Amino acid sequence: MTAQPTAPATSRTTLSRAYRDGLAEEMARDPSILVMGTDLYERGGHWAQVTGLGPQFGRDRVRNAPISEAAMVAAGVGAAMDGLRPVVDLNFIDFAFGAMDEIVNQAAKIRYWWGRPVPLVIRGTTGFAGGGAQHNNSLEAWFCHVPGLLVAMPSTPADAKGLIKTALRGEDLVIFLMHKMLTGLRGEAGGPDDLVPFGQAAVRRPGRDVTVASYGVMAGKAVRAADQLAADGIEAEVIDLRTLMPLDLDLVEESVRRTRRLVVATEAYRHGGIGGEIAAAIGESLFGDLDAPVLRVGAGFAPVPHSPVLLDALTPGTDEITRAVRAVMKAGR
């Protein structure tokens, strides 16, 4: 089927549409790419993440799947080993629980066993929002703990597009996580040749006093917190990690060597999370350079509630980040 024209070199769009455009451009470029999942062809997915791709590329390349995550991922693994580049869209990453053996015990180990690449992308929404405990898990730390998996978590439209394009041109299994609350976030997105490399974080706001390392929805909250802190003369440097495996600790270390203070802000639970990994790594490598203990910001340790009031109390935001920054500044004096 004839592909539609690609987007211009840059365009202002939503994060969800930027992902869709990146996927469409790669599907037009490479006929081995296909996407499968529930309610994709006609509906475009629960988050409209592939709207229009069904009619554009046809049913062979945009496939509706039965509601069996194990079957979807297993089919994706087989297709990837047979020369295709599938995207398995789980809609909610929580549904990966039904396919953890296929992801962790099969796909992630195939290159180690046989030297055979598995160019598979598993996409799902993540993070806290309405919907309760079964649809709001933040599982990035789980996947980062598995050798053989790469993990991407964009916070801007440009990164959503650039990272999915990079994932689809690679040879490894990628867990691609898109936060629910960023679906409609608007911003600039690049053109067909603008790829975002894995393992390369970005400085979202320069600063001299303290480093705030974050990713996903919390990266934007960290920037807003830094803007508020600037009014009091505290200049926070905000680093958006963009991918969690591989993790760009080099940029974090470079920043902390200058600021001598670090706050790690994640929406996920602090216990056993990415924030603890970064804090430990910086503590090991830069202990003598720190003027204050590394502080972590994260969610309260409880299942995600339906109640908006309770959800707001559980979810970390700009206030929690500013308090943590003020605490490390005070501790360093």
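**Exercise 1.** In which sense do β2 and strand β4 (residues 85-92) pair, and over how many bridges?

*Solution.* Before we start, note that this is a predicted model, in which local features need pLDDT of at least 70, side-chain atom pairs count only at pLDDT 80 or more, and totals for chains, interfaces and linings use all residues. Residues are numbered from 1 along each chain as its sequence is written, and side-chain values use heavy atoms, with hydrogens and water left out.

Step 1: find the strands, which are DSSP runs (E, at least two residues) numbered from the N terminus, while helices are runs of H or I with at least four residues. Step 2: recall that two strands pair if DSSP finds at least two bridges between them. Step 3: β2 and β4 are joined by five bridges and pair in the parallel sense. One place to look is Gly37, whose bridge partner in β4 is Asp89.

β2 also pairs with strand β3 (residues 62-64), again in the parallel sense, over three bridges. Here Gly37 has Asn64 as its bridge partner.

**Exercise 2.** Work out why strand β2 (residues 33-37) is largely enclosed by the rest of the structure.

*Solution.* Step 1: learn the terms: buried means under 20% relative accessible area, exposed over 50%, and partly exposed in between (1.4 Å probe, protein chains only). Step 2: five of the five residues of β2 are buried, so the strand is largely enclosed. Step 3: sort the residues by face. In a regular strand the side chains alternate between the two faces of the sheet. In β2, Ile33, Val35 and Gly37 lie on one side and Leu34 and Met36 on the other, and all are buried.

**Exercise 3.** Trace the chain from strand β10 (residues 210-214) to β11 and describe the surroundings of β11.

*Solution.* Step 1: β10 and β11 run parallel and are joined by five bridges. Thr211 stands opposite Glu237 in β11. Step 2: from β10 the chain passes through helix α8 (residues 217-230) to β11 in a right-handed β-α-β crossover (with the strands pointing away from the viewer, the path from the first strand over the helix to the second runs clockwise). Step 3: strand β9 (residues 202-205) pairs with β11 in the antiparallel sense over three bridges, and Arg205 stands opposite Val238. Step 4: both faces of β11 are covered, with Ala236, Val238 and Asp240 buried on one side and Glu237 and Ile239 on the other.

**Exercise 4.** Is Trp113 buried, partly exposed or exposed?

*Solution.* Step 1: locate Trp113 in helix α5 (residues 110-114). Step 2: because its relative accessibility is 41%, Trp113 counts as partly exposed.
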